[in-house]
Amino acid sequence: MEKHLFLGDEAIARAAIDAGLSGVYAYPGTPSTEITEYIQQSADAKAKGIHSKWSANEKTALEAALGMSYAGKRALCCMKHVGLNVAADCFMNAAMTGINGGLIIVTADDPSMHSSQNEQDNRLYGHFAMLPMLEPSSQQEAYDMIYDGFELSEKLGYPILLRITTRLAHSRAGVVTRPQRIQNEMHCPEDGRQRYILLPAFARQRYKALLAAQDTFTRESELSSYNRYLDAYDKRLGIITTGITFNYLSENYPEGFEHPVLKIGQYPLPRIQVEKLVSECDEILLLEEGYPVVEEMIKGFLGMGKPVHGRLDSTLPRDGELTPDVVGRALGKENMTWYEIPEVVEQRPPALCQGCGHRDLFGALNEVVAEYEGAKVFGDIGCYTLGVLPPFRALDTCVDMGAAITMAKGAADAGVHPSVGVIGDSTFTHSGMTGLLDCVNENTNVTIVIADNETTAMTGGQDSAGTGRLEAICLGLGVAPEHVRTFVPLKKNYEEMKQVIRQEIEYPGVSVIIPCRECIQTLKRKRKK
């Protein structure tokens, strides 16, 4: 055993390697990115031949991970919380097929939306799919849950959903590692056709099996060391914590808890422990990061008439991350502030890097669209989304991955002209190609700009699936060759850029413009190497 100082993400990655992992499948997304990056950079993982290439999106990642599990190997699939929306089709059906080799799906949720569009709590997805879930309270638990989670997955015969949040993913703590296990031998399931072919006749049987497994999942949860009942003398209040909130509570009681605490780290809810807490205490306080998932559950199945406090009754704020101070206030504690925090530097919004090719693109695009009354520019998810801020204010929307193209199409169908979609190279191959095909099939009057900086820049410069292939993809989807245009976004090419944009806006059909210039951050790293 060795002790390391790990990020939560690194603890998960290290545990997967130590547990006999054969492949990790992921699309980069904060706060989950460092899991896959750790495995990619690990000498152990290279020596063991562990697959660690980035996938085109979260759906392809999970399907590939399920395929590796089908072959009997242990697979890890990682994504940020909104990524599970993309992978939901496979996720829901993997709960029906079950697994062969152990399969753990990591969802990194982002309460307070540090780098996301929403605060969704993917415990609801686990509950929706009726799958077992794990939620660590510390980096050590994150390691242990992954290390033992593959064995639990194989024991139960189902995928495991492990949920972390930003604070755990991106903070460090000491982690004791455990002995390395060898990878599983390849072995395909003998009953694979009955399990993995979800035609209605087979799917009905699999659904019955999933329902029958729920009691087993609950028993495992009730016996789990991650669900602990910590007794205390003052039973006027009972406290339930989930995941990292146990730490926030602990910081308010450095000398030990005054009230009984049920620490939950494994789901389904351990009903026996919950009923014990509720029967012994006068009131219940729920501490959970994200949605009031457990709060709503216990109000639903207990029916004991005990007051339950949490996010729903405003004891805790309905949105945003919890903190030790927020938890302390919910407990009626006075938060002592020993030092004033000086306002030394005024906060400023993020901005595109100086020298970024997107700056020249937005400058030229703004000048051209200003010539048209009612022009709309639909944006997408990526570092170019910063074009919505001053000084450019170049984008009118930013909703989800791939929406630039399809929203531009819908607006054009409604009569908007020019209707321009701006999407990045990695986002285009993630979820923009099918939208472009819709445009081609209807010859929609749209101008699509694929801002190609040859990397997945917003999450740190990972490889982009479309590098060197974007023109070929657009031509393969049916865009007319004379309307797939490229240029290098530089000041010296400014007039050419404006001319190309203007010409393609005037074309009454589908046109694609690909401004291509490498991200200056990845270029700097290459030169440094």
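**View 1. C383, a buried residue in a predicted model.** C383 counts as buried, because its relative accessibility is 17% and the cut-off for buried is under 20%. The model shown here is predicted. C383 sits in a loop. That loop runs between strand 14 (376-378) and helix 17 (403-413).

**View 2. The surroundings of C383.** Which residues is C383 in contact with, leaving aside its neighbours within four places in sequence? They are L352, H358, N453, A457 and M458. Take L352 as one of them. C383 and L352 are 31 residues apart in sequence. In space, their C-alpha atoms are 7.3 Å apart.

**View 3. Helix 1 against helix 2.** Helix 1 covers residues 8-18, and helix 2 covers residues 33-41. Their axes come within 8 Å and cross at roughly 45 degrees. The two helices are therefore oblique to each other. The crossing of helix 1 past helix 2 is right-handed. From helix 1, D9, E10, I12, A13, R14 and I17 take part in the contact. From helix 2, T33, E34, I35, Y38 and I39 meet them. By type, these residues are six nonpolar, one polar and four charged.

**View 4. L76 in the largest nonpolar core.** This core has 100 residues. L76, V106 and I146 touch the most other members. Setting aside neighbours within four places in sequence, the contacts of L76 include I12, I35 and I39. V106, I146 and F150 are also among them. A second, separate core has 48 residues, including A394, L477, I505 and I514. In soluble globular proteins, nonpolar side chains tend to be buried together.

Note on methods: Residues are numbered from 1 along each chain as its sequence is written. This is a predicted model: local features need pLDDT of at least 70, side-chain atom pairs count only at pLDDT 80 or more; totals for chains, interfaces and linings use all residues. Side-chain values use heavy atoms; hydrogens and water are left out. A nonpolar core is a set of buried Ala, Val, Leu, Ile, Met, Phe, Trp, Tyr and Cys residues joined through side-chain atoms within 4.5 Å. Buried means under 20% relative accessible area, exposed over 50%, partly exposed in between (1.4 Å probe, protein chains only). Contact means heavy atoms within 4.5 Å. Helices (H or I, at least four residues) and strands (E, at least two) are DSSP runs, numbered from the N terminus. Axes are lines fitted to C-alpha atoms, for helices over the stretch in contact, and angles run from 0 to 180 degrees between N-to-C directions. Angles under 35 degrees count as roughly parallel, over 145 as roughly antiparallel, 65 to 115 as roughly perpendicular and the rest as oblique. A crossing is left-handed if the near helix is turned anticlockwise from the far one by less than a right angle, and right-handed if clockwise. Ala, Val, Leu, Ile, Met, Phe, Trp, Tyr, Cys and Pro count as nonpolar, Asp, Glu, Lys and Arg as charged, and the others, Gly among them, as polar.
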